[in-house]
Structure formats: structure tokens, C-alpha cells
Amino acid sequence: MRIERDYQQIVRLAGVRSSADMRRLFGTGWKTINKSQQAWVRHLLTVWGDHMSGDEYERSEVNVIGRLMMRCEWSEQKGRQIEKVVTELHCEGYRGEELMRKARDILVPQSAAGNIIALAKESDDAAFMESVIVKTFGRDNPIRSVVRLRYCKCKSAQNIASSLIYFTGITQKEARNRMEWASDILEGELYYAVKREMEKEYSATAA
């Protein structure tokens, strides 16, 4: 039976016996992040996934939050401020690019950093994330397939775990564990990778 490439890749997770083994095989070390940092990564991945899916629909406030977070020097306080401003504007009826512009005007003064945001397109932000994901995990890493299924194809962790059970025969608990381990590696590694690449961009802009 032929299964699509991303599912072929995640089948490899079934043979992993522990979180440490998964990090050794498919990660680059032990990296942990807090809840705010995890939320930041998820917002950025939402921007990437929305664009890469190719679906045409009005982008949500989560997408706008992600784009702003990608173009601001991030801190936990700044992240909370972005979420608060965008959510309030969304409640006031702002949507899409209008929401993006209004939030940007409030959050980012007209400065060099502001100009970067003004010029940024969603496709640029998505391409940036794609570059970081490929650089971090490579093209044949099942962790990359997990993130593609989650954010580009809108599959839940439970759905992917069910696929693992169907294709490999592992138990529900084993599948759930492997999805948790994969998510921890995915979010932890991407947080630090994205931060590094953003710092390079800021340094190049300031030079």
C-alpha cells in the first residue's frame, strides 16, 4: 500500500524507544523552552503552515500575531503585548492586512525595525521559516514531517498518533509518547534556531 511521503517518514518514529533515543536520532541535543517560548514558536509555525498549505482564506489573528512576533525582537513581555493588542483589535473588527497594519502602527514605531515589518510579506516570513526548518531538521527527518502534517495539513497530534498506530501496530500509549517527544524536539530546537537566524538578520540590518 502506498502512503504519502510525510507518513512514510513518521513511521520511523515507531521504532524509537525513549525521548533520549529520539533526540539522539532526530535532534541535535537537549533543548527545553518555557510555555511562552512554546507559544511563540507555535505562532510562527502557524504563519508558515497557513502559507505553505496554499489555502486561500482570511488569515486569523493568530497569523497576524505570528507575523509580528517574527518581525520584532522577541521577549516574553513583548510577546504578551503583541497578543493583547492584536486580540483587542480583532475584537474591534479589524481583519487581515488591515489588522496587521493597525497592530504594527501601535506596536512598532516608525523606525528601521518598523520599516522591516512594513516591507515584509507573508511569503517572506513563510520562506524564512521554511529555511530554518530545513536547516534544522533536513529534508528526510521525520520531525520535519510531523511539523508539515501539523501545520501545513492541519492534522492534530491525535490524528498523527492514530496514523502511527494504523501503519505500525504500536499501542495508543506508545504513539502518544512518540508524538509528545517529537513535539518537544520540534519546538525546542526551532525556538533556538529561529532566534539565531533572527539575530543574524537584525545584525545585518543594523550594520
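This is a predicted model: local features need pLDDT of at least 70, side-chain atom pairs count only at pLDDT 80 or more; totals for chains, interfaces and linings use all residues.
Helix 10 itself covers residues 157–168, which makes 12 residues. From its first C-alpha to its last, helix 10 reaches 16 Å, close to the 16 Å expected at 1.5 Å a residue.

Which residues of helix 10 are buried? They are I160, A161, S163 and L164. Seen down the axis of helix 10, these buried residues fall within an arc of 155°, so they line one face of the helix. On the other side of helix 10, Q158 and Y166 are exposed.

A separate feature is the packing of two other helices. The axes of helix 3 and helix 9 lie 8 Å apart, at an angle of about 75°. Because angles of 65 to 115 degrees count as roughly perpendicular, helix 3 is described as roughly perpendicular to helix 9. The table lists the residues that make this contact.

| Helix | Residue range | Residues making the contact |
|---|---|---|
| Helix 3 | residues 35–53 | R42, L45, T46, W48, G49, D50, M52 and S53 |
| Helix 9 | residues 142–152 | V147, R148, Y151 and C152 |

L45 of helix 3 takes part in this contact, and L45 also belongs to the largest nonpolar core, where M22 and L45 are the residues with the most contacts inside it. This core has 53 residues. Its largest share, 11 residues, comes from helix 11, which spans residues 172–206. Leaving aside neighbours within four places in sequence, M22 is in contact with L13, V16, G27, I143, R178, W181, A182 and I185.

How values were computed
Residues are numbered from 1 along each chain as its sequence is written. Side-chain values use heavy atoms; hydrogens and water are left out. A nonpolar core is a set of buried Ala, Val, Leu, Ile, Met, Phe, Trp, Tyr and Cys residues joined through side-chain atoms within 4.5 Å. Buried means under 20% relative accessible area, exposed over 50%, partly exposed in between (1.4 Å probe, protein chains only). Helices (H or I, at least four residues) and strands (E, at least two) are DSSP runs, numbered from the N terminus. Contact means heavy atoms within 4.5 Å. The expected span of a helix is 1.5 Å times one less than its number of residues. The arc is that of the directions from the helix axis to the C-beta atoms. Axes are lines fitted to C-alpha atoms, for helices over the stretch in contact, and angles run from 0 to 180 degrees between N-to-C directions. Angles under 35 degrees count as roughly parallel, over 145 as roughly antiparallel, 65 to 115 as roughly perpendicular and the rest as oblique.
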